[in-house]
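Please read the numbered points with the sequence and the model at hand.

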Amino acid sequence: MADMMILRERMVAEQIAPRGVSDPRVLEAMREVPRERFVDPEFVDQAYEDRPLPIAEGQTISQPFIVALMAQAAEIKAADRVLEIGSGSGYGAAVLSHLASRVWSIERHPRLARMAGSRIAELGRANVTVLRADGSNGWPPAAPFDAIIVTAGGPVVPEALKQQLGVGGRLIIPLGPYGGVQRLMRITRASAAAWTEEDLGAVQFVPLVIEGGRNGRTPGP
Ligand code: SAH
């Protein structure tokens, strides 16, 4: 345990803070969440390496720096209600649970959703709800959200997500071709009918699948 704490401290000091993540609450959350609990057993010794790792269903647990970058970009305050699309391992949702008052996280693969939910529950993060659904529809019962973080990328921003932001709310989403390089966008709802967009740089994410849509099967090569 102590070893893992040292590795987490080193991860923040070497991979995250030097690349421009300076929000102290985000850095603290990254020091708190045991990433080794969210990776498959054969990857535990690589849990604090500077890269994504494979998880079940051909998906990935995001690189720690990217998790921190997205959390900082979302400008989450302690009272905020946050929606995450793409629970994957559950790691990102666990990080968000340290920053927000309530977190809803949606995953399309039933097995991943189950595993993410039980890992988060084992850590006692009682303010997180993991749901099995198509996250491109958002989660209307809990809307509006102060922040929405999408951890999968595609060529379009689902309209439902823009509509489920409260005024002032931030949507962080990788936008671009499947299987290629995307731009990490921050879309802020300026008013009921206006959104502003900022480009936060190049990223590479697994596909955001729109179930029942033209890309209902996992797209890309
Ligand atoms: N935040 C995750 C990263 C997961 S990778 C972590 O920290 O581990 C992205 C996840 O998005 C994958 O598990 C994938 O199955 C899921 N996903 C893709 N399209 C989705 C959709 N439309 N709705 C919900 N989840 C989706």
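1. P144 lies in the loop that runs between β5 (128-132) and β6. The peptide bond that joins A143 to P144 is cis, with omega at about 0°. Strands here are DSSP runs of E with at least two residues, helices are DSSP runs of H or I with at least four residues, and both are numbered from the N terminus.

2. Some remarks on the basis of these values are in order. The model is predicted, so local features require pLDDT of at least 70 and side-chain atom pairs count only at pLDDT 80 or more, while totals for chains, interfaces and linings use all residues. Residues are numbered from 1 along each chain as its sequence is written, and side-chain values use heavy atoms, with hydrogens and water left out.

3. Strand β6 covers residues 145-150, and F145 is found in it. Is F145 buried or exposed? F145 counts as buried because its relative accessibility is 1%; the term buried means under 20% relative accessible area, exposed means over 50%, and partly exposed lies in between (1.4 Å probe, protein chains only). Along the chain F145 and L165 are 20 residues apart, and their C-alpha atoms are separated by 5.0 Å.

4. Helix α3 takes in residues 64-73 and is mostly covered, with 10 of its 10 residues buried. The buried residues of α3 include P64, F65, I66, V67 and Q72. V67, which is found in this helix, counts as buried because its relative accessibility is 11%. V67 and V95 are 28 residues apart in sequence, and 8.1 Å separates them in space, C-alpha to C-alpha.

5. Two residues with positive phi deserve a check. E75 follows α3 and is found in the loop between α3 and β3 (81-85). Phi of E75 is near 50°, which is a positive value in a residue other than glycine. E75 counts as partly exposed because its relative accessibility is 42%. The other residue, E57, is not a glycine either, and its phi is positive at about 65°. E57 is found in the loop between β1 (53-54) and β2, and it counts as partly exposed because its relative accessible area is 35%.

6. Helix α2 is formed by residues 24-32 and contains P24. P24 counts as exposed because its relative accessibility is 59%. Between P24 and P64 there are 40 residues of separation along the chain, and their C-alpha atoms are separated by 16 Å.

7. Which residues come nearest to the ligand? Of the 26 residues around the ligand, these are S89, E107, D134, G135 and V209; a residue is near if one of its heavy atoms lies within 4 Å. The shell has 10 nonpolar, 12 polar and four charged residues. In this scheme Ala, Val, Leu, Ile, Met, Phe, Trp, Tyr, Cys and Pro count as nonpolar, Asp, Glu, Lys and Arg as charged, and the others, Gly among them, as polar. At least two shell residues come from each of β2 (60-61), α4 (91-97) and β4 (102-107).

8. E107 lies in strand β4 and counts as buried because its relative accessible area is 6%. E107 and G124 are 17 residues apart along the chain, with their C-alpha atoms separated by 20 Å.

9. For G92, the distance is 3.1 Å, to an oxygen atom of the ligand. On its own the ligand has 590 Å² of accessible area, and the protein covers 99% of this; accessible areas come from the Shrake-Rupley method with a 1.4 Å probe.

Definitions and conventions. Polar contact = N/O pair within 3.5 Å; in protein donor to acceptor, adjacent residues only side chain to side chain.
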